[in-house]
Amino acid sequence: MWYLRTHPLISLLLLQLPFVTMAQDTHWKDYKYGHQGSELHEKKRFCTWKCLLFTLQWPGGFCQSLNKEIECRIPQDVDKWTIHGLWPLRAMSCCDCWPMFHSDVQELEEELTEHWPSLVKDKPSFQFWRDEWQKHGACAACVEGMNSPLRYFQICLKLRGRFSIYKLLEDAGITPSCERPYKVAEVHNILAPHLGDKHEIQCVMDDKDRQVWFQVKIPLSPNLTVGCDHHVDTEGEPGSSSGPGWRASPGHPCPPQAPFFYLPIDHQQPRQPCG
């Protein structure tokens with residue numbers, strides 16, 4: 001290795017190259033499946049949030065929440081409630097330097113495509129997932145069960161299976177309709193035994209000035225039990241400036257006294273499901 005002796009700069013650069021070693025292979029597994037040990041305990045010091053919001057969206061109503069300049073697209077095989085995200089509330093000091101790659105969720109891609117699709121035509125699903133990880137998942141990563149992109153998305157999919165909103169409503173006779181309006185109280189009473197009393201039914205106004213149901217927010221404790229012991233004001237979340245990466249939510253709590261519509265899904269005309 002005569003050139004290492006005669007060229008100290010080259011020697012230094014070679015020492016910094018990412019040779020594949022057993023230690024580095026272990027580090028890669030830690031990255032994919034979750035950081036362990038002292039590093040995790042160090043991160044817990046910054047786990048300031050006390051509650052999470054697991055948010056499901058109804059595609060038939062979600063399209064009504066978009067600006068007219070944004071084209072909505074509902075995949076043909078999507079006919080149930082889909083995931084919007086899992087959001088730590090008022091998270092502080094979250095790492096914004098934890099990238100996510102396609103390989104991180106490749107083994108979940110089929111499930112994510114079915115249960116967490118992008119409903120915006122110009123936004124690929126992976127971009128949607130990556131944005132949710134960078135804005136919210138990296139904040140949740142201080143909890144060991146969610147301390148990698150893979151684990152975070154696995155948890156979200158499990159929660160989606162746990163909260164079968166479509167079936168709960170259907171069994172109670174509440175189905176998508178262009179004619180039949182519903183009241184918050186009747187829907188709340190059906191969902192509360194499963195989602196907790198603090199869940200929020202969210203609406204948007206459509207172009208006919210009707211309240212349209214598009215989203216449900218479910219407060220969870222860090223251990224993912226329903227409800228949260230701490231005060232949770234879900235209105236405007238995400239949208240609080242106290243958390244990194246939040247963007248304003250287009251929805252609002254459905255008015256308790258006003259009727260709202262649970263619109264059907266129309267794959268050909270997602271913005272005009274009732275013609």
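Which residues does Ser118 touch, not counting residues up to four places away in sequence? The first view has the answer.

This is a predicted model, where local features need pLDDT of at least 70, side-chain atom pairs count only at pLDDT 80 or more, and totals for chains, interfaces and linings use all residues. Residues are numbered from 1 along each chain as its sequence is written, and side-chain values use heavy atoms, with hydrogens and water left out.

**View 1. Ser118 and its surroundings.** Ser118 sits in the loop between α6 (109–115) and α7; helices here are DSSP runs of H or I with at least four residues, strands are E runs of at least two, and both are numbered from the N terminus. Setting aside residues up to four places away in sequence, Ser118 touches Arg73, Lys123, Pro124, Ser125 and Phe128, with contact meaning heavy atoms within 4.5 Å. Ser118 is buried, at a relative accessible area of 3% (buried is under 20%, exposed over 50%, partly exposed in between, using a 1.4 Å probe and protein chains only). Its side chain reaches the backbone oxygen of Val120 at 3.3 Å. From Ser118 to Trp129 is 11 residues in sequence and 8.4 Å in space, C-alpha to C-alpha.

**View 2. Strand β5 and its two partners.** All 10 of the 10 residues of β5 (residues 211–220) are buried, so this strand is largely enclosed by the rest of the structure. β1 (residues 52–57) pairs with β5 in the antiparallel sense over 6 bridges, and pairing takes at least two DSSP bridges between the strands. Gln57 has Gln215 of β5 as its bridge partner. β4 (residues 200–205) also runs antiparallel to β5, joined by 6 bridges, with Glu200 opposite Lys217. The β4–β5 hairpin has 5 residues between the strands, and there Asp209 takes a positive phi near 60°.

**View 3. Trp213 in the largest nonpolar core.** This core has 55 residues, and Trp213 is among those with the most contacts inside it, along with Phe54, Trp81, Leu86 and Phe153. A nonpolar core is a set of buried Ala, Val, Leu, Ile, Met, Phe, Trp, Tyr and Cys residues joined through side-chain atoms within 4.5 Å. Leaving aside neighbours within four places in sequence, the contacts of Trp213 include Trp58, Trp81, Leu191 and Phe261.

**View 4. Helix α8.** Among the buried residues of α8 are Tyr152, Phe153, Cys156 and Arg160.

Notes
A polar contact is a pair of N or O atoms within 3.5 Å; within protein, one must be able to donate a hydrogen and the other to accept it, and residues adjacent in sequence count only if both atoms are side-chain atoms.
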